[in-house]
Amino acid sequence: MIIDCHGHYTTVPAEHADWRDAQVAAFTDGGPAPTYPAISDDQIHESVAGQLKLMDERGIDMTVFSPRASAMAHHIGDDEVSAAWTRVNNDLIHRVTTLYPDRFIGVGQLPQSPGVPIERSIDELRRCVLELGFVGCNLNPDPSGGHWTAPPLTDRNWYPFYEVMIELDVPAMVHVSGTANRSFHATGAHYLNADTTAFMQLLSGDLFADLPELRLIIPHGGGAVPYHWGRYRGLADMLGKPRPAEHVMRNVFFDTCVYHQPGIDLLFDVIDTDNILFGSEMIGAVRGIDPRTGHFFDDTRRYVEALDLPPDVRAKVYEHNARRVYPRLDTALKARSR
């Protein structure tokens, strides 16, 4: 089977997005929080029809599905606003996974806010995993929205959350949200900056020596990391750290959300296939058709197929690596005899 490890609910019903606008306006004006609207199953069916159509066309069996990353917007409002927004987002993802249990499985947003201890996110993580059946979470290394006021991912302030991740046996995708810094375009700069920054933070520290069971996915093909792999190998040597393959890559994984063939070729040439999970992030940051190929940029399966990988390696990238990194996904699939 083919598992897409990186999907976002970017086509939510309009009422959901309208409620968010009203919530932010109420916070700004000092008014009461709005009542969340009733959203029917039919509206949810309609909202994911395009996603399902593309999954069928591209042969994707299951998508690991989470709230829209750019809309998490942890820098907007306060921790109460973020907690309420997080909860309705995760509840909506749960409804999708309940209506389509064979096509979507949930990953949760966290109620992070600038300056708020990460321990405040633990209860929502537990709810997502233990009550909603989610298999992981999206962890924002920069809740400030492009100002990078949070400590590095290797700082011990993060450890209480990591310890619960290990207890629940779930990974986190290290994924920022929208940006409040006008210097950084959200999907073209901030996302890729964050991917690269997260990797360098991990390379510089000793997180996995302390927490060897922790698993993190760095999306978008690892940002600039594969392209500059020699730089990171050299920096590890200069910093007195073990080789990245030993120091970081036993615990860190990249997806295939890279939107042209040369980029995928490079990713697979540099990064061990045990560390690559198939992902497309459709319908997401890049939705157009590549005039050079006549196919959608985010049709990443085409790029993987063009590599002519041995069947066992292709199966790892498409399925087995995801089942290993997301054990609760593997358990859910086995329960359905898949």
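Trainee: What makes Ile 283 count as buried or exposed?
Mentor: Keep in mind that this is a predicted model. The relative accessible area of Ile 283 is 15%, and buried means under 20%, so Ile 283 is buried.

Trainee: Where is Ile 283 placed, and which residues is Ile 283 in contact with, leaving aside its neighbours within four places in sequence?
Mentor: Ile 283 lies in the loop between strand S8 (276–277) and helix H12 (300–305). With those neighbours left aside, its contacts are Thr 10, Thr 11, Gly 50, Gln 51, Leu 54 and Asp 298. Asp 298 is 15 residues away from Ile 283 along the chain, and their C-alpha atoms are separated by 8.0 Å.

Trainee: Now the sheet. Why is strand S2 called largely enclosed by the rest of the structure?
Mentor: Strand S2 covers residues 62–67, and six of its six residues are buried, so the rest of the structure largely encloses S2.

Trainee: How do you know that S2 pairs with strand S1?
Mentor: Two strands pair if there are at least two bridges between them. Five bridges join S1 (residues 3–9) to S2, and the two run parallel. Among the partners, Asp 4 is bridged to Thr 63 in S2, and His 8 to Ser 66 in S2.

Trainee: And what joins S2 to strand S3?
Mentor: Three bridges link S2 to S3 (residues 104–106), again with the strands running parallel. Thr 63 stands opposite Phe 104 in S3. Between S2 and S3 the chain passes through helix H4 (residues 79–99), and this β-α-β crossover is right-handed.

Trainee: What makes S1 and S3 the edge strands?
Mentor: The sheet is open, with three strands in the order S1-S2-S3 and parallel pairing. S1 and S3 each pair on one side only, and that is what puts them at the edges. On average, neighbouring strands of this sheet are turned by 35° against each other, direction ignored.

Trainee: Which helices pack on the sheet?
Mentor: H4 does, touching S1, S2 and S3, with its direction at about 160° to that of S2. Helix H14 (residues 327–335) also packs there, touching S1, S2 and S3, and its direction makes about 130° with that of S2.

Trainee: Why are H4 and helix H5 called roughly parallel?
Mentor: H4 and H5 (residues 122–131) pack at an angle of about 10°, and their axes are 11 Å apart. Angles under 35 degrees count as roughly parallel, so H4 is roughly parallel to H5.

Trainee: Which residues meet where H4 and H5 pack?
Mentor: From H4 come Thr 86, Arg 87, Asn 90 and Asp 91, and from H5 come Glu 124, Arg 127 and Cys 128.

Trainee: What makes Cys 128 buried or exposed?
Mentor: Its relative accessible area is 2%. Buried means under 20%, so Cys 128 is buried.

Technical notes. Residues are numbered from 1 along each chain as its sequence is written. This is a predicted model: local features need pLDDT of at least 70, side-chain atom pairs count only at pLDDT 80 or more; totals for chains, interfaces and linings use all residues. Side-chain values use heavy atoms; hydrogens and water are left out. Helices (H or I, at least four residues) and strands (E, at least two) are DSSP runs, numbered from the N terminus. Buried means under 20% relative accessible area, exposed over 50%, partly exposed in between (1.4 Å probe, protein chains only). Contact means heavy atoms within 4.5 Å. A crossover is right-handed if, with the strands pointing away from the viewer, the path from the first strand over the helix to the second runs clockwise. Axes are lines fitted to C-alpha atoms, for helices over the stretch in contact, and angles run from 0 to 180 degrees between N-to-C directions. Angles under 35 degrees count as roughly parallel, over 145 as roughly antiparallel, 65 to 115 as roughly perpendicular and the rest as oblique.
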